[in-house]
Amino acid sequence: MTTTKPATKPLNPRFSSGPCAKPPTWTLDALRDAPLGRSHRAAVGKDKLKAAIETTREILDIPADYKIGIVPASDTGAYEMAMWSLLGERPAEMVAWESFGAGWVTDAVKQLKIEHTVHTAEYGEIVDMASLNYDNDVCFTWNGTTSGVCMANGHAIPSDRAGLTLCDATSAAFAMSLPWDKLDVTTFSWQKVLGGEAAHGILILSPRAVERLESYTPPWPLPKIFRLSKGGKLIDGIFSGATINTPSMLCVEDYLFALEWAKSVGGLTGLKARAQANAQAIWDFCDNNDWIDNLAVDPATRSFTSVCLKFTDSRIINGAAFAKAVAKRLEAEGVALDVGAYRDAPAGLRIWCGGTVETSDIEAMLPWLHWAFHAELDA
């Protein structure tokens, strides 16, 4: 089948799953007020960091008694900090249905070597969260960035749990509703849904998590960059803008712009609607083409940020090579950049649909996907 190249291209072909597309109104001028060459401990720096924390709280509707800190090393640093500082007081339930969750399993099993039970599901499926023992600490991802499978809700997590819940929400925050009463530790990076710059993470602690930090000392040594308490007390400055190490004030300024843009589109409600519209356009495309499908098995747990797709045509001989070739064609035409599946995931495509992506760009890209598939099949 020979197809003609579509006439229209996306205005922004950036569909990477991290760092993600900048907000549509972003320009370099957005950074003009960054206090460059100034100490982050100066009044101007402290004010910017505090504004980032409190605007995050406002948009995500985080309870007033939850602590929010800006920490180094992106979501990975934030989650590692939580694991190393909090785990070990009781056994852990380690949950994974994609590569990043599997990484947290490795840390608990091979590095911390704590008592544990591992629960896994194949790519495209999800662990039965109701089957876990919540008297233990539970570590999981809310949205599987590399599998396109997410939690439908937090109903399975009991309110009267004895253990802590540690949630990696890096591709869910600002796109999905998070039930704060069910989450004791939540982490994300602003490079995801808000399209910020990389290398900074957000760590959110419930009062129960703070209580654990102040009453429990792990048996292993903690490097300075992981320490959240001192002398049995939370280092409260971390959660008011006194960061553990020096942050990039340029990145903070970029995040502040993204937060203000998020408010301009309706806050969390608006961001969710934008992501859902983007994902729905792709799901409709899959429904209308029998050669491509969602990797997520159950529509109720399909992610509407990191939408993962698989080719299903029986004529494809080498799935991995075919998917890479399709992604290469799309990039060469300048219509979809960085849409190959994650290296550890099944062969296919991964298209970011978070709120900074315009639905019109998704709709303009999809005919090109149709073209690239048939062009590669003909080849």
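**Exercise 1. Which residues is Phe140 in contact with, leaving aside its neighbours within four places in sequence?**

Solution. Taking contact to mean heavy atoms within 4.5 Å, one finds that Phe140 is in contact with Tyr79, Val95, Met129, Met151, Ile157, Thr165, Leu166, Cys167, Asp168 and Leu183. This is a predicted model, in which local features need pLDDT of at least 70 and side-chain atom pairs count only at pLDDT 80 or more, while totals for chains, interfaces and linings use all residues. Residues are numbered from 1 along each chain as its sequence is written, and side-chain values use heavy atoms, with hydrogens and water left out.

**Exercise 2. Find the residues of the largest nonpolar core that touch the most other members.**

Solution. Begin with the term: a nonpolar core is a set of buried Ala, Val, Leu, Ile, Met, Phe, Trp, Tyr and Cys residues joined through side-chain atoms within 4.5 Å, where buried means under 20% relative accessible area, exposed over 50%, and partly exposed in between (1.4 Å probe, protein chains only). The largest such core has 90 residues, and Phe140, Trp142, Phe174, Phe311 and Leu369 are those that touch the most other members. Apart from it lies another core, of 34 residues, which includes Trp104, Cys139, Leu228 and Ile244.

**Exercise 3. Locate the salt bridge between Glu89 and Arg212, and state how accessible each partner is.**

Solution. A salt bridge is a side-chain nitrogen of Lys or Arg within 4 Å of a carboxyl oxygen of Asp or Glu, and between Glu89 and Arg212 the closest N and O atoms are 3.3 Å apart. The pair links distant parts of the chain, 123 residues apart, with Glu89 in the loop between helix 2 (74-86) and strand 2 (92-96) and Arg212 in helix 4 (residues 207-215); helices (H or I, at least four residues) and strands (E, at least two) are DSSP runs, numbered from the N terminus. Glu89 is partly exposed at a relative accessible area of 38%, whereas Arg212 is buried at 6%.

**Exercise 4. Are Arg161 and Asp184, whose side chains meet in a salt bridge, buried or exposed?**

Solution. The N to O distance of this salt bridge is 3.1 Å. Arg161 counts as buried at 7% relative accessibility, and Asp184 counts as buried at 1%.
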